[in-house]
Amino acid sequence: MKEWLKLTSEEIGKLDRAIPVIVPLGLVEAHGPHLPTSVDIDTANYFSRKVAENTGAILAPCVNYGFADEMRDYPGTLGVTVETFMAIVQDLIQRFYKTGFKKIVFITGHGANKTACELAFFKIWEAHPDFKGVCWNWWSDCGITGIHHADKGETEVAMAVGTPSKMEAVRDFEVNKPWYKIASRYELDPDSGGINGKPSLADIENGNKICDKAVEALTEKVRQAFK
């Protein structure tokens with residue numbers, strides 16, 4: 001596997017520019033009392049590394065500070081505005097493009113990063129119409145349904161990828177969302193810790209199965225970028 005941070009400048013200079021580059025996208029974000037704020041970073045890194053190992057794609061470093069959206073007001077969340085995140089994505093793509101890498105695959109562990117990332121693509125295409133980019137999450141983009149924030153499914157996956165959990169502190173919480181898009185989950189439910197579901201039912205074996213399915217789907221997607 002070709003890992004950007006483990007290569008010298010000279011080695012990077014010799015890489016085949018036709019090989020796609022995988023960039024993990026995360027967010028430091030509250031995930032209830034039972035999971036640390038690293039969940040979205042951990043999953044982005046895990047799936048990106050697995051896919052890079054499977055395909056031979058180049059693994060770039062993770063962007064840890066993603067777009068902080070609905071959960072931004074819970075203690076522990078550290079992220080940036082949508083405008084800043086779009087600018088970060090654009091600047092990264094510009095750097096890759098300038099050095100000859102025109103195929104960039106973003107794999108995100110945080111849902112809101114996808115929208116901001118794809119909006120950034122449109123700014124890049126204004127100057128570089130031959131740029132080829134995509135942003136996939138590990139759940140809905142891989143045919144995995146029923147995943148909600150810090151719920152059973154996300155907790156299972158977090159446990160499976162090695163995120164330390166404190167299940168003795170877990171509590172279930174169902175968010176009663178209004179019909180309209182909300183700006184802050186904290187204002188709606190300040191005591192939920194960002195949970196939406198029943199993480200107390202999490203089963204690591206099921207998490208392993210979800211991870212296997214996501215890795216298989218993402219691997220097949222990235223292989224298409226080699227054609």
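These legends accompany several close-up views of a predicted model.

In this predicted model, local features need pLDDT of at least 70 and side-chain atom pairs count only at pLDDT 80 or more, whereas totals for chains, interfaces and linings use all residues. Residues are numbered from 1 along each chain as its sequence is written, and side-chain values use heavy atoms, with hydrogens and water left out.

**View 1. Five strands form an open sheet with parallel pairing.** The order of the strands is β1-β3-β2-β4-β5, where strands (E, at least two residues) and helices (H or I, at least four residues) are DSSP runs numbered from the N terminus. Two strands are said to pair if DSSP finds at least two bridges between them. Because β1 and β5 stand at the edges, each with a single partner strand, one side of each is left without a neighbour in the sheet.

**View 2. Strand β2 is covered on both of its faces.** In a regular strand the side chains alternate between the two faces of the sheet. In β2, V21, V23 and L25 lie on one side and I22 and P24 on the other, and all are buried, a word that means under 20% relative accessible area, with exposed meaning over 50% and partly exposed the range in between (1.4 Å probe, protein chains only). Five of the five residues of β2 are buried, so this strand is largely enclosed by the rest of the structure.

**View 3. Strand β2 pairs with β3 in the parallel sense.** The pairing of β2 with β3 (residues 58-59) runs over two bridges, in which V21 has I58 as its partner and I22 has L59. Between these strands the chain passes through helix α2 (residues 39-55), and this β-α-β crossover is right-handed, which means that, with the strands pointing away from the viewer, the path from the first strand over the helix to the second runs clockwise.

View 4. Strand β4 is mostly covered, since five of its six residues are buried.

**View 5. Helix α4 packs on the sheet, touching β2, β4 and β5.** The direction of α4 makes about 170° with that of β5, where axes are lines fitted to C-alpha atoms, for helices over the stretch in contact, and angles run from 0 to 180 degrees between N-to-C directions. The buried residues of α4 (residues 111-127) are A112, N113, K114, A116, C117, A120, F121 and I124, and they pack against β2 (21-25), α3 (82-98), β4 (103-108) and β5 (132-137). Together, β4, α4 and β5 make a right-handed β-α-β unit.

**View 6. Helices α5 and α7 pack at an angle of about 85°.** The axes of α5 (residues 152-160) and α7 (residues 204-224) are 7 Å apart, and the two helices are therefore roughly perpendicular to each other; this term covers 65 to 115 degrees, whereas angles under 35 count as roughly parallel, over 145 as roughly antiparallel and the rest as oblique. The contact, defined by heavy atoms within 4.5 Å, is made by K152, G153, E156, V157, M159 and A160 of α5 and by I204, N206, G207, N208, I210 and C211 of α7. By class it has six nonpolar, four polar and two charged residues, where Ala, Val, Leu, Ile, Met, Phe, Trp, Tyr, Cys and Pro count as nonpolar, Asp, Glu, Lys and Arg as charged, and the others, Gly among them, as polar.

**View 7. T219 has its place in helix α7.** T219 is buried, with a relative accessible area of 4%. Leaving aside neighbours within four places in sequence, T219 is in contact with V51, N54 and T55.

**View 8. T8 is found in the loop between β1 (2-3) and α1 (9-13).** With a relative accessibility of 42%, T8 counts as partly exposed. T8 and S165 are 157 residues apart in sequence, and their C-alpha atoms are 36 Å apart in space.
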